[in-house]
Amino acid sequence: MKVLLDTSYTISDITILCIQIIALNIFTGKKAKPKRLVAAIILAAATGALATLFFCDLKDNITIPFLITECLRLCILALFSVKSLNIKDALIAMTVQFLCSMINSSVISLIPDSILNKYSYLNPLLILLVPLFILISFLIIQRKTHKKQKIISEAALSIPTHNYIFMFIAVFLESGLIEILNFNTEKIEIQLTAAKFLSLLLIIIIAALIVSLTVNVIYQKYYNNLNQLLKEQVKLQIQHYEKQETLNAEIRGFRHDFNNHVKCLKSLMNSERYTEAQSYLDKLTGSMPNYSFLYRTGNYIADAILT
């Protein structure tokens, strides 16, 4: 039975490592290299077996140190797989690790000890099935959000680092609270005091996380509105420059035509062809629009507008 339990822990470690890598892909868009993934799985199995052997030799109070060791070990292997040293990636990996452990412990704690003792294979089976169920859930989420990968990555990147820290601490405290409540001891008063203390810390962290996320949403909305105003301003400036360019093109065309007309008139005058020059001028004058004012109010601007 001990061999079966150790094997289930090893397979569970590999499954949780895969969950961490999928979570990093969903939230950051980073993918594991095949060679690195294989190496990480082998290292997870080897180091998991060594960690299990080491902690099994201890008698009491090994749950929390074991969870911390597991978290750091699998986090390093997950970051190695996706080739990342980002603090946000590390926090995502550790949060997912503690989340899996928390769900696993919660499911096992719901089953009475009498049933677990009667069916000895049930505990290793749950240690295997719960992470497998979480893995399948993450795979479904990854498939559903594949087309929105860029949007999710940008949204995750916009979240401040301290919010990731708050989320990690919240999940860590929740895991610790579940482990304390599941810990068999005769010192019930100390157990309840520790549970109350962790609950208080958890409430404070969740409240800080809610406030931080609310402030972040408000700032994001403000900067989005500001960005929209700047876009409108840039659009108006572009339209103004386009109109200015059209006007400049018309002025250049007018100058070109004016120079041609002047050259023609000069040529006619030099040739003493005054009659043709007069006809040419009359033709030019007739082709021009009549700007005579129909109204004479004494204000030339008002006369132009009314005309």
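Predicted model: local features only at pLDDT ≥ 70, side-chain atom pairs only at ≥ 80, totals over all residues.
Five aromatic pairs were found. In one of them, Phe 98 and Phe 168 are arranged edge-to-face, with a centre-to-centre distance of 5.7 Å and an angle of 65 degrees between the planes. Because Phe 98 belongs to helix H4 (residues 87-109) and Phe 168 to helix H8 (residues 161-182), this pair ties together parts that are 70 residues apart in sequence. Both Phe 98 and Phe 168 are buried. Ring pairs also bring in Phe 172, giving a cluster of Phe 98, Phe 168 and Phe 172.

Tyr 219 and Tyr 223 form a stacked pair, 6.3 Å centre to centre with 20 degrees between the planes. Both tyrosines lie in helix H9 (residues 188-270), where they are four residues apart, about one turn of the helix.

A contact between a charge and a ring involves Arg 36, whose charged end sits over the ring of Phe 80 at 4.8 Å from the ring centre.

Helix H6 (residues 122-144) has 23 residues and, at 1.5 Å a residue, should span 33 Å; the end C-alpha atoms are 32 Å apart, which agrees with that expectation. Buried residues in H6 include Leu 122, Pro 124, Leu 126, Ile 127 and Val 130. Pro 131, Ile 134, Leu 135 and Phe 138 of H6 are likewise buried.

Technical notes. Residues numbered from 1 in each chain as written. Heavy atoms only, no water. Helix = DSSP H or I, 4+ residues; strand = E, 2+ residues; numbered from the N terminus. Expected span 1.5 Å × (residues − 1). Buried < 20%, exposed > 50% of the residue type's maximum accessible area, 1.4 Å probe, protein only. Phe/Tyr/Trp six-rings, centres within 6.5 Å; stacked < 30°, edge-to-face > 60°. Lys NZ or Arg CZ within 6 Å of the ring centre and 35° of its normal.
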